[in-house]
Amino acid sequence: MNNYKKDFAKRLLDIKAIKLQPDAPFTWASGWKSPIYCDNRKTLSYPDLRSFVKQGLVNVVKERFANASAVAGVATGAIAQGALVADVLNLPFCYVRSKPKDHGMGNLIEGTLPANSKVVVVEDLISTGGSSLKAVEALRQAGFEVVGMVASFTYGFPIAAEAFQKSGVELVTLSDYDHLVEVARETGYVKEGDMETLREWREAPAEWRK
């Protein structure tokens, strides 16, 4: 799995789905300053990489969540990948909004799953875990059992690990920050002198460069 994680990280860097800029940090919607920006949705534009991600997610579901009887994607980033996974596994699919629609039926969950479904949730990116776990809670409130979550990438923040543990949700990701930084260093994508900056940010992202 570690080789896969490094391979996937390299592919994300190759298509610029992930950018590392320690000297010119990005500003996230939360207001956090960050040396990294991740947009896994770009993988959908490259057929070979799209299939690589799809098959990776499918393999994780088969290996770790074989009892799943339905798939749910987290809107909006994981709707497409979730649907692709469900199609390969021939399972029912729905997606979960971040908040109920403000018109029509006011749905939070879009789609219809059989009663008492055992749901595996597909996500694209895990930061603090807040929005991902809101989707889990929405599915549980609707009467479904969430058997686990698969995601393309995680920053690996301790706050996220704690949140998933507290919620009783097993999370498996195709790649992560540690493998990304390792590949970036090996390939010269970032300078050796940037490694301490990248470590400091991951340890305290909310306080970094305030």
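Predicted model: local features only at pLDDT ≥ 70, side-chain atom pairs only at ≥ 80, totals over all residues.
## The annotated site at S127

UniProt, in an unreviewed entry, places the feature "binding site" at S127. That annotation may be inferred rather than shown by experiment. In the model, S127 sits in the loop that runs between β8 (118–126) and α4 (130–141).

How open is S127? Its relative accessibility is 25%, so S127 counts as partly exposed. The cut-off for buried is under 20%, and exposed begins over 50%. Leaving out residues up to four places away in sequence, S127 touches W28, Y155, F157 and A160.

## A buried strand residue, I36

I36 belongs to strand β4, which covers residues 36–38. Is I36 buried or exposed? Its relative accessible area is 0%, so I36 is buried.

Which residues surround I36? Beyond four places in sequence, I36 touches I18, K19, L20, F26, W28, F153, Y155, Y177, L180 and W201. W28 and Y155 are also among the residues that S127 touches. Take I18 as one case. I36 and I18 are 18 residues apart in sequence, and their C-alpha atoms are 7.0 Å apart in space.

## Where helices α1 and α6 meet

Helix α1 spans residues 2–14, and helix α6 spans residues 177–186. The two pack at an angle of about 65°. Their axes are 9 Å apart. The crossing of α1 and α6 is right-handed.

Which residues make this contact? From α1 come N2, K5, K6, A9, K10 and L13. From α6 come H179, L180, E182, V183, A184 and E186. The residues of this contact divide into 5 nonpolar, 2 polar and 5 charged.

I15 lies in the loop between α1 and β1. At 14% relative accessibility, I15 counts as buried, because buried means under 20%. Apart from residues up to four places away in sequence, I15 touches K42, T43, Y46 and L49. I15 and L49 are 34 residues apart in sequence and 9.6 Å apart in space, C-alpha to C-alpha.

K16 is in the loop between α1 and β1 (18–20). Its relative accessible area is 49%, so K16 is partly exposed. The backbone of K16 deserves a look too. Phi of K16 is near 65°, a positive value in a residue other than glycine.

Is N116 buried or exposed? N116 is exposed, because its relative accessible area is 63%.

The peptide bond from A75 to T76 is cis. Its omega is near -5°. T76 lies in the loop between β5 (70–74) and α3 (79–89).

D176 sits in strand β10, residues 171–176. With a relative accessible area of 13%, D176 is buried. Setting aside neighbours within four places in sequence, D176 is in contact with K5, F153 and T154. K5 is also one of the α1 residues that meet α6.

How are D176 and D48 placed in space? They are 128 residues apart in sequence and 20 Å apart in space, C-alpha to C-alpha.

E137 is in helix α4. At 39% relative accessibility, E137 counts as partly exposed. E137 and S167 are 30 residues apart in sequence. Their C-alpha atoms are 8.9 Å apart in space.

## Cysteines

A disulfide is a covalent bond between the sulfur atoms of two cysteines. How many disulfides does the model have? The count comes to 0 disulfides. The rule asks for a pair of cysteine sulfur atoms within 2.5 Å.

C38 has 9% relative accessibility, so C38 counts as buried. C94 has 1% relative accessibility, so C94 counts as buried as well.

Terms used:
Residues numbered from 1 in each chain as written. Heavy atoms only, no water. Helix = DSSP H or I, 4+ residues; strand = E, 2+ residues; numbered from the N terminus. Buried < 20%, exposed > 50% of the residue type's maximum accessible area, 1.4 Å probe, protein only. Contact = heavy atoms within 4.5 Å. Axes fitted to C-alpha atoms, helices over the stretch in contact; angles between N-to-C directions. Left-handed = near helix turned anticlockwise from the far one by under 90°. Nonpolar A, V, L, I, M, F, W, Y, C, P; charged D, E, K, R; others polar.
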